[in-house]
Amino acid sequence: MPIYEYKCSACGHQFEELQKFSDAPLVECPVCHKPALKKQITEAGFVLKGTGWYQTDFKNEGSKPSSSGSHTAGCSCKACSANSKN
Ligand SMILES: [Zn+2]
């Protein structure tokens, strides 16, 4: 059973009401008894599902710089020079 959030546009009273889908929406405010209730859209009822899709970096495959794994003896990159000082 969904929980509906109502807000009275007359007095500003806000409350939640557990209702069936088939139940008619509330109209009269329990505080000021004016027919000024408005049904709010609660976040819980509108949780988006299926947001697991994301774009991967497939288009960059094959265009990576070939720096890794191709160090030679005279390589002067930071990693190699640090190793040679040992
Ligand atoms: Zn009210």
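In this predicted model, Lys 38 is partly exposed, because 13 other C-beta atoms lie within 10 Å, and a residue counts as exposed at 12 or fewer and as buried at 20 or more. Lys 38 belongs to strand S3, which covers residues 37-40. When neighbours within four places in sequence are set aside, Lys 38 is in contact with Tyr 6, Lys 7 and Ser 9.

S1 and S3 pair in the antiparallel sense, over four bridges. Within this pairing, Glu 5 stands opposite Gln 40 in S3. Strands of a sheet pair through backbone hydrogen bonds, in either a parallel or an antiparallel arrangement.

S1, residues 3-8, also pairs with S2, residues 14-18; the sense is antiparallel and there are five bridges. Ile 3 stands opposite Leu 18 in S2, and Tyr 4 stands opposite Glu 17 in S2. The hairpin of S1 and S2 has five residues between the strands, and in this hairpin Gly 12 adopts a positive phi near 85°.

Taken together, the strands form an open sheet of three, in the order S2-S1-S3, with antiparallel pairing. S2 and S3 stand at the edges of the sheet, and each has a single partner strand, so one side of each is left without a neighbour in the sheet. From one strand to the next, the twist averages 35°.

How many of the five residues of S2 are buried? The number is zero, so S2 lies largely in the open. For the protein chain as a whole, 5% of the 86 residues count as buried.

The loop between S2 and S3 contains His 33. The phi of His 33 is near 55°, which is a positive value in a residue other than glycine. His 33 counts as exposed because it has 11 C-beta neighbours inside 10 Å, and the limit for an exposed residue is 12 or fewer.

The view can now be widened to the complete chain. The protein chain has three strands and one helix, and from the N terminus on its elements run β-β-β-α. Among the contacts in the protein chain with a separation of 6 or more, 35% are accounted for by residues 24 or more positions apart.

Methods:
Residues numbered from 1 in each chain as written. Predicted model: local features only at pLDDT ≥ 70, side-chain atom pairs only at ≥ 80, totals over all residues. Helix = DSSP H or I, 4+ residues; strand = E, 2+ residues; numbered from the N terminus. Contact = placed C-beta atoms within 7 Å. Pairing = 2+ DSSP bridges. Axes fitted to C-alpha atoms, helices over the stretch in contact; angles between N-to-C directions.
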